[in-house]
Number of protein chains: 2
Amino acid sequence: MPTRLQRLFPPLVWLRGYQRHTLAQDILAACIMTVLVIPQSLAYALLAGLPPETGLYASILPLLGYALFASSRTLAIGPVALIALMSATAVGSIVDQGLAGYGAASLALALLSGVILFCMGAARLGFIANFISHPVISGFITGSALVIIVSQLGSLFGVDTRGANVIALLRSLWTNLASFSLATLAIGGSVIVFLVLARRFARRLLESMKLPPTVASTLARLAPMVAVVATSLLAAGMQLDSQGVAVIGNLPQGLPPLAIPQVTWTLLEALVVPAFLISLVIFVESTSIAHRMAARRGERLDPNQELMGLGAANVTAAFTGGLAVAGGFSRSVVNDEAGAQTQMASVFTAIGIGLVTVFFSGLFYFLPEATLAATIIVAVTTLVDLRGLKDTWRYSRQDGMALVATLLVTLLIGITEGIVVGVGLSLLLYLYRTSRPHIAIVGRIPGTEHFRNEKRYQVETDHRVVIMRVDEAIYFANAQYLEDRIGGVIRQRPEATDLILMCTGVNTIDASALDILDTINTRLQGAGLRFHLSEVKGPVMDKLQTTRFMANLSGRVFLSTFEAWHTLTVRPPQTTTEVAP
Amino acid sequence: MPTRLQRLFPPLVWLRGYQRHTLAQDILAACIMTVLVIPQSLAYALLAGLPPETGLYASILPLLGYALFASSRTLAIGPVALIALMSATAVGSIVDQGLAGYGAASLALALLSGVILFCMGAARLGFIANFISHPVISGFITGSALVIIVSQLGSLFGVDTRGANVIALLRSLWTNLASFSLATLAIGGSVIVFLVLARRFARRLLESMKLPPTVASTLARLAPMVAVVATSLLAAGMQLDSQGVAVIGNLPQGLPPLAIPQVTWTLLEALVVPAFLISLVIFVESTSIAHRMAARRGERLDPNQELMGLGAANVTAAFTGGLAVAGGFSRSVVNDEAGAQTQMASVFTAIGIGLVTVFFSGLFYFLPEATLAATIIVAVTTLVDLRGLKDTWRYSRQDGMALVATLLVTLLIGITEGIVVGVGLSLLLYLYRTSRPHIAIVGRIPGTEHFRNEKRYQVETDHRVVIMRVDEAIYFANAQYLEDRIGGVIRQRPEATDLILMCTGVNTIDASALDILDTINTRLQGAGLRFHLSEVKGPVMDKLQTTRFMANLSGRVFLSTFEAWHTLTVRPPQTTTEVAP
């Protein structure tokens, strides 16, 4: 068993068994990661409305902050598209992009999110991620991806666009479209075509060159870096920056600046709600990736450690001039496929990016912004999941509606509103669904001790003994419905003398339901019926034991429904039972 | 079967069979009701911060508005303490009491609430009342009753108090206490003592005078009217109004004014949230009383008709200068006990109060406000339910916490906040409870086809075939937990080859859960286990049928757990089964 300190800092466990062999694997993965991560980091910084170097800063020390607490061995963190967009929306609503306070507000947002995440982890609130349903997450991701794509069209055409939703972005694009730059569009368009083709064919091409499958698939993922190098050389050779093509320009050389984020009270008040939502999305996105990888590697994930790791990473980002970070899907997959064994791979990646930032940041001067926009567009198209939408809709109309509503609100109103509406809706739909539970009148399958729905099976029933099975926990949202249904049944069967509530599906009875069961008992007594329970689960029975309802109960509690049936239908079966259709 | 028109207007049904005998009973009940309702109506108007006559107006035409749609035969509506307080809080937060706009804002609030209620009924949203748990309602009512009592202390001492919560009210009372009026306190104090004694002994006293029990209990409830008459006579005889005792004074003589409420856009924006909460409380309070009476009389209640009736009543109140109304507990009980058979009793009550308003309103000139405050205090003490708090706490810690939190927030912060916190909390607690469902590893009860928890029963188990029973619908909030638990179990049982998920308690599987079941299947396959389901309920199976999960499933779906056990444990039982403790 690991000690408490080891549980808090998982590296203390795996570093003890760390071997030269693992070290080599981690270093190799880190080299590949460094090359992959640079274009992404620059691109997402621009998406967040920040100078490109902040993306690099966010990919250095925050990786160490995460590694310290992480329970996942191969989750790779850094700037991601969704969080960059949410950050841009939140900060943009209080400071205009390009103004002096914008950067400071972004840092404050990262700090706040980090603190929220860390505290949630320390308070062991990791279960909260489960309160957002998959359809809502899926609708939110698809919607955000579409918003991101539309937001990048401006950079692709070389014009300025602003807006919190697709409609505003498209309108702003339309207004400015006249001043578009042909050279910029040519570069962006070619990169998109190249990346799409690379995704389709590069892997097969490399495999046909006799490279092992994992090497081929890893190299194929480096296509964005190829595009970065090629378009940078082109722009440098043709001096495209003087022909209206926006390029990255000078990046400050040197290590990330260490600075304490300036958080004013006004800023705090304005950012606390967005920071909470961003924390939620950071956590949900990161753990859903980490869960998938842990399942594949047979490892165990501790959501609370993940919260603390992500919190530490974002606090570190805020102190080193970076933007908010999360676990990224593509970088985690590459990290895994490139052979990373532990978070040491991330540590080496951080060192790699640190070296690039210190010595080679001048190389990005001629990198066209359109190349980065194209990279983003191609990357996020994989997040648009229309098949999932179709499958979900077919499986459950309610889940499908939650998905579509989240998607539409995210697209047409804004991403913050999207996640809020989605979460609210999935809770309400769940309540509504359980508020009208499936209640069946059951009968005995002849010759057995089994009781099944009289509408689905050929069963024996008795007109004096009604057996109802309720397929749901009885709680405040559905207890009244149960009372109404029982009332309806006894009105239809005036000869009934006994009603048995079969509780196989009843996993809890809350205080509201207990009140109403007591009312049902009184009501049945008034109508001359005894009220029995059968097959009550152990934990439910334990709680019922000492209640007023049990003291008042006119009938009995039977261990099995068959025992109840046997006891209550005392007459010879041939004259008393009829076979339902 | 009633026609659609008859369903919309229930009087069309019962008026056809209306007989002279029923008419006599209804008229008698109405006479008693008129006498009972007048002090209440005056008192609650003052509680709402309005002129006393508005309480009378609210007890005339709104009764007819309700009767038109009501499915309840004996629910009596009118001003009630809780709604009067909520109205005072909501309106007081935008217009100071006593200012010109206060009355207009109260009418706007009643109108808005009425429209919301009516629309909810028309949209058949009656099920919404079930989304508030009983402990939350109980905490809210107890908390509000205490706030009401404290709010009346000012009138009892003859000083002015203001405040949205108990702390503010007590502080304001303390500040002004120096100027208290001894005569006022004497009157109020005597009335409280008289009413408490009357409640304790009047009924028994009347019964000992050979009156029939129902007559005795009805007469005993008229004690407040006795106090009203006695203190009015006293005040008139001693001219107490000139000695610092606040009296009702001149009431406008004549029928309620017909006027269109002035609803400005600003007013609408400020009142829409409180109006929504007030509608909710009006509906919940009224239907909980109506449900109790319907169950006793064996009648059927239609929540949507109730919503429309309450909506019509409040719209009528707004147009006739009244305050917001709801079903009142004490007036409904008196109505019922006095022998009312139909809503015609309410119609006659309305006529009675109308006559009083037109011809006798001058009689209330000398009625001391302290008498009404004392009436309110004694009436609402019955709403303080400490025994319910104790019972709930003992039955379920979570429900108890929701109750206490609602009570404390209502008391210490405000009643609006109380209901909001309560509703939010009961939802979150429900989610939290279902997010960690009871999962048991089950074994076979020797010699039977029954499978029970291995921790509770002496059962046969097989180290290769693990049977897990999950006692809850599987949905987004608990699916991840199920995956983690299954992961833990297979780590502990490396020799397992088959895992059966026993679905007796699984009433739904939502889209999120379906994703995770698919992940579980993949994960088990990776660990060399087959994944089976047993006893899947019909409706759940119908939906699963066409999914990717079912196509991927490594094992089978068995009708019964016994069949699964029998099929998978093919070796002779004596060598393979061990008996668990």
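Biologist: How do you know that the copies, chain A and chain B, meet through the same surface?

Modeller: In this predicted model, 100% of the interface residues of chain A are also interface residues in chain B, so the two copies meet through the same surface.

Biologist: What makes the two copies related as by a two-fold rotation axis?

Modeller: Chain A can be laid on chain B by a turn of 180° with a shift of 0.0 Å along the axis, and the RMSD is then 0.1 Å. The copies are therefore related as by a two-fold rotation axis. In chain A, the C-alpha nearest that axis belongs to Gly505(A), and it lies 2.2 Å away from the axis.

Biologist: Why is Pro135(B) called buried?

Modeller: The word buried requires a relative accessible area under 20%, and Pro135(B) has 3%, so Pro135(B) is buried. This residue lies in helix α8 of chain B, which covers residues 134–157. Leaving aside neighbours within four places in sequence, Pro135(B) is in contact with Thr392(B), Asp399(B) and Leu403(B), and also with Ala511(A) and Ser512(A).

Biologist: Why is Leu363(A), in contrast, called exposed?

Modeller: A residue counts as exposed when its relative accessible area is over 50%, and because Leu363(A) has 63%, Leu363(A) is exposed. Leu363(A) is placed in the loop of chain A between α16 (344–360) and α17 (369–381).

Biologist: Which residues form a nonpolar patch on the surface with Leu363(A)?

Modeller: The patch is formed by Ile351(A), Leu355(A), Phe359(A) and Phe360(A) together with Leu363(A), and their accessible area together is about 540 Å².

Note on methods. Residues are numbered from 1 along each chain as its sequence is written. Chains are lettered from A and ligands numbered from 1 in the order in which they are written. This is a predicted model: local features need pLDDT of at least 70, side-chain atom pairs count only at pLDDT 80 or more; totals for chains, interfaces and linings use all residues. Side-chain values use heavy atoms; hydrogens and water are left out. Patches are made of residues with over 30% relative accessible area and no salt bridge: like charges are joined within 9 Å, nonpolar side chains (Val, Leu, Ile, Met, Phe, Trp, Tyr) within 5 Å. Accessible areas come from the Shrake-Rupley method with a 1.4 Å probe; for residues, only the protein chains shown count as cover. A salt bridge is a side-chain nitrogen of Lys or Arg within 4 Å of a carboxyl oxygen of Asp or Glu. Helices (H or I, at least four residues) and strands (E, at least two) are DSSP runs, numbered from the N terminus. Buried means under 20% relative accessible area, exposed over 50%, partly exposed in between (1.4 Å probe, protein chains only). Copies are superposed by least squares on the C-alpha atoms of residues with pLDDT of at least 70 in both. Contact means heavy atoms within 4.5 Å.
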